[in-house]
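Work through the exercises below with the sequence and the model open. Each task is followed by its solution.

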Amino acid sequence: MADADWLNNINLLLYRIQQNDKLALKELYGFAGGKLLAIIVRIVKDREEAEDTLQEVFIKVWEQSNKYSGRGSAWGWLCVLARHSALDRLRSLNSHPHSSIHDDEEWLEGLFEADNASTTHSINRCLGHLKEQTRKSILMSFVYGHSHGEVSSELSVPLGTVKAWIRRGLQELKQCLAV
């Protein structure tokens with residue numbers, strides 16, 4: 001596909017998204033997601049964080065598509081959105097460094113192995129403070145043994161969203177239990 005055709009397709013998809021066409025959002029993700037991810041990876045330097053950021057970009061596209069006036073390039077608008085989101089993520093990572101999700105998973109598995117009643121009570125209390133989708137994702141993954149892909153399918157949300165929920169939820173649990 002020629003560059004002009006590719007850019008016209010982006011414009012058309014964004015126009016359809018402005019008309020609340022969910023299929024257009026999915027098509028745009030398949031059509032331009034890889035290029036936007038490459039932009040984000042260059043800034044964030046971490047593939048998982050970049051994938052989470054890409055999910056956030058497409059949520060913003062859906063929620064803020066009306067902010068694109070049609071003047072200028074739709075592709076340029078998407079690139080600016082991706083760049084700003086990546087820079088926000090990078091600032092957040094630099095000001096709040098965190099352990100990897102794998103470290104958090106090992107930590108949570110160790111907690112669930114505890115036979116101590118007070119530990120169980122503390123875990124339940126802290127789980128109760130989590131957002132419902134985050135709690136459900138963590139329990140499905142660690143208690144019922146579902147993969148992140150299975151959790152994504154069961155909850156009908158993107159895989160990157162499930163990974164982000166679990167990572168943030170594990171961090172919140174760790175902070176809550178440390179108190």
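**Exercise 1: the partners of R16**

R16 and D21 form a salt bridge, with the closest N and O atoms 2.9 Å apart; a salt bridge here is a side-chain nitrogen of Lys or Arg within 4 Å of a carboxyl oxygen of Asp or Glu. The model is predicted: local features need pLDDT of at least 70, side-chain atom pairs count only at pLDDT 80 or more, and totals for chains, interfaces and linings use all residues. Residues are numbered from 1 along each chain as its sequence is written, and side-chain values use heavy atoms, leaving out hydrogens and water.

Task: find what the salt bridge between R16 and E27 ties together.

Solution. 
1. The closest N and O atoms of R16 and E27 are 3.1 Å apart.
2. R16 lies in helix α1 (residues 3-18) and E27 in helix α2 (residues 22-44), so the pair ties together parts 11 residues apart in sequence. Helices are DSSP runs of H or I, at least four residues, numbered from the N terminus.

**Exercise 2: R89 and E49**

Task: decide whether R89 is buried or exposed, and do likewise for E49.

Solution. 
1. Buried means under 20% relative accessible area, exposed over 50%, partly exposed in between (1.4 Å probe, protein chains only).
2. R89 has 9% and is buried; E49 has 7% and is buried.
3. The two form a salt bridge, the closest N and O atoms being 2.6 Å apart. R89 is in helix α4 (residues 74-95) and E49 in helix α3, 40 residues apart.

Terms used:
Helices (H or I, at least four residues) and strands (E, at least two) are DSSP runs, numbered from the N terminus.
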